[in-house]
Amino acid sequence: MPIIRVALDVPVNTLFDYIAPSATTQHIGVRVQVPFGKKMVIGIIIEVTNSSSFSKGKLRSAKYIFNDMPPLPKALLDLFKFCSEYYHYPLGEVVMSGVPTRLRSSKPFVDKPQVKSQFHITKKGQLADTSLISKRSTLKRRLLVLFRESKVVNLVEIKELSPGAVKVLKELIELGWVEEAASVFKQKKSIEPILKKEQMNVVKNIAAETNQFNVWLLHGITGSGKTEVYLRLVALQLLQGRQTLVLIPEISLTPQLETVFRTRFPTTSIISLHSGLNASERAKGWLKALNGTAQIILGTRLSVFTPISNLGLIIVDEEQDSSFKQQSGLCYSARDIAIFRAKYMNIPVILGSATPSLESYYNAINHRYRMLRLSSRAADNSSLPSVRCIDIRAVKAREGLSEPLITALRKKIELKQQSLIFINRRGFAPVLMCKSCAWIATCSRCSSRLVVHLQDKNLRCHYCGYKERILSSCPECGDQDIAPFGHGTQRVEAALKEQFPSARILRIDRDSIRRKEAWEKILEEIHGQRVDILVGTQILAKGHNFANLGLVGVLNPDASLYSTDFRAAEYLFSQLMQVAGRAGRASTTGEVLIQTKFPNHPLYHALQHHNYEEIAKMLLTERKVANFPPYVYQALLRAEAPKLSTALDFLSHVISIVYPGKEVEVFDPVPAQMAKLKGMERAHLLVQSGSRKELQKFLTAWRVKLDKISVRKVRWTLDVDPIEF
Ligand code: ADP
Ligand code: ZN
Ligand code: ZN
């Protein structure tokens, strides 16, 4: 009697055996419904065998094997296995986290081919006079409001409004207020620019070896036309009938890149998988990749697990971006998994960046990866901006804005060019302090300070979301003299408004772009030249092309120079390169001004010369001396408990359960950098080794023992290759 071994979303590292009389090896990778405890759950069949370590009498029977989708390819199941082993995470949870939520439910999935399922509002519909709609047609009005707010609406959402809404939709279409969204993409193909010499060279190199594994590190400065290189290589894949997976950071840029791909390949099936999708959209896209209809799969972190039957190329854009690393549960790095996946499939993977991660750069100079460079800007007439430091100790400043910066801003306004002020802190001020007793408002649930949000008159914790009204007197000494200290985006915005009363100033941070539509509107404002000065956080730093941006001002970047996080300087450099890269994109020569207390710091020096290699070499030397990655491999055991001592005691205990061997170093448990988060106290234990193999050997043995310890009140997780401490 066949027995199936099933991956279930259960935190134990084992597969579960069930009797399944009709199962054959054809069912490996198929969804199955099985009893688990008192419930029925969905899992994926990983093996079909004839034997089980349990006696037949004890085994339960599988309830139902689904046939609503093709089985997951063996390559994907092997990827899950690798992931489970490398990150020491239960296989069932790995597998099930890779399956879209919708397919984890027991409802069969019927994917009706709905070519016409999306609709968008027309200009006529936008302008239509709603007072002409009869009072009784409330549904018509509601549907129109939905369209005006969301622009594009799909059939599911329309049906959700009311079952009768589909009929009303037809009326709106007849009125010419709404049309099928498919026509949105019936655009003409975008023109292919003539490749620059360097771009051509990159394309040729990679194209010459498309049938084998290689990690290509594409080091191209901002604006060097990496996207164009991707497009050409994807086109080659399409000619060969192969699929491409393009991974991008979790940022607002997804729709933009999607448009670039859709306009270049208007007749190609492209799916985009990101966090903005609802469950059924995600499942649909995922299935299109699985059955081979989708030719191009664009997506964020999680899409590295998309089943793709005929994968020919993987591209990881902005490979250094920390959003590729998952920070909870299965702490995987999508970039690293992409590399494993490419190796397994024997296909190329391209890591693209203006500032590669030190890990990748190190691998490139050691010839494990192959580096290709784009060293000049691609667009005609565009040049790299000039970068200058302003010694903030030596000049006058008002509300955090130095005189030279103000002068530069004024000049750009006169020239009708846009400026961007970058400050990586949202809110009004990072601290609320009492001037008489030095009391500071802190979060009671986190080890963090409460940020002053003057607009809503509240104090907020940016870690747990806690909010309270701004106090009018000090809770310690009763003094009324409490005041905000330091600068956030809101305060800079206010200061700029005072300096430049007639300028059009726009603040962009997570508070101002809560809604997806807000972004589109903001971009329209910027591109339509209806903004003079932008104030924003890192949200603005990445990827955007602002043609008329002449000046970038950077405020308060210094904190990262001397941070305890050994990656802080690397991130700062990358971030500043990114923001600086926004300037001088078109014919406007860009200028970057950095307000700093350390104008002679080598990091700023390298930035002034746009010299990534200078800083990379310096940071690598520091890492080597200090014995940090990429010279060693690390893993972190994190523990959380209501009391810090409980977490620390747990960690001290587990150090001793396995002998680490000579090549693995185990450090003492310490409180985490955020020692308290959302009411839980946190600590961790670092283990590292110069040999990845030895570290893995230790972790495997350790994980087995850890699973056997019964701990109360402590939650622990293992993070391999951690980037947060
Ligand atoms: P990156 O991703 O490297 O920062 P982009 O791909 O955004 O750079 O390209 C920057 C600009 O250069 C874009 O506006 C793009 O259209 C343009 N561009 C790219 N390649 C060429 C080319 N060969 N000729 C002219 N313009 C180009
Ligand atoms: Zn006080
Ligand atoms: Zn908090």
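Tutor: An oxygen atom of ligand 1 sits 3.1 Å from a polar backbone atom of G225, which makes a polar contact (a pair of N or O atoms within 3.5 Å). This is a predicted model, where local features need pLDDT of at least 70, side-chain atom pairs count only at pLDDT 80 or more, and totals for chains, interfaces and linings use all residues. Residues are numbered from 1 along each chain as its sequence is written, chains are lettered from A and ligands numbered from 1 in the order in which they are written, and side-chain values use heavy atoms, leaving out hydrogens and water.

Student: What do the side chains of K226 and T227 do at ligand 1?

Tutor: K226 has a polar side-chain atom 2.9 Å from an oxygen atom of ligand 1. For T227, a polar side-chain atom is 2.8 Å from an oxygen atom of the ligand.

Student: And how much of ligand 1 does the protein cover?

Tutor: The protein covers 75% of the 570 Å² of accessible area that ligand 1 has on its own, by the Shrake-Rupley method with a 1.4 Å probe.

Student: Which helix gives the most to the shell around ligand 1?

Tutor: Helix α8, residues 226–239, with three residues. Helices here are DSSP runs (H or I, at least four residues), and strands are E runs of at least two, numbered from the N terminus.

Student: OK, metals. What coordinates the zinc ion called ligand 2?

Tutor: The SG atoms of C434, C437, C474 and C477, at 2.2 to 2.3 Å. Donors are N, O and S atoms within 2.8 Å of the metal (3.2 Å for Na, K and Ca). Along the chain they follow the spacing C-x2-C-x36-C-x2-C.

Student: Where do C437 and C477 lie?

Tutor: C437 is in the loop between β21 (431–434) and β22 (451–453), and C477 is in the loop between β24 (467–469) and β25 (482–485), so the pair ties together parts 40 residues apart in sequence.

Student: What's the geometry at ligand 2?

Tutor: Tetrahedral, with angles of 106 to 114° among the four donor atoms; the cut-off is that all angles lie between 85 and 135 degrees.

Student: What about the other zinc, ligand 3?

Tutor: C443, C446, C461 and C464 coordinate that zinc ion through SG, at 2.2 to 2.4 Å. The site of ligand 3 is tetrahedral too, with angles of 105 to 115°.

Student: Are C461 and C464 buried or exposed?

Tutor: Both C461 and C464 are buried, meaning under 20% relative accessible area.

Methods. A polar contact is a pair of N or O atoms within 3.5 Å; within protein, one must be able to donate a hydrogen and the other to accept it, and residues adjacent in sequence count only if both atoms are side-chain atoms. Four donors count as tetrahedral if all angles lie between 85 and 135 degrees; four count as square planar and six as octahedral if opposite donors are over 155 degrees apart and all others between 65 and 115; anything else is irregular. Buried means under 20% relative accessible area, exposed over 50%, partly exposed in between (1.4 Å probe, protein chains only).
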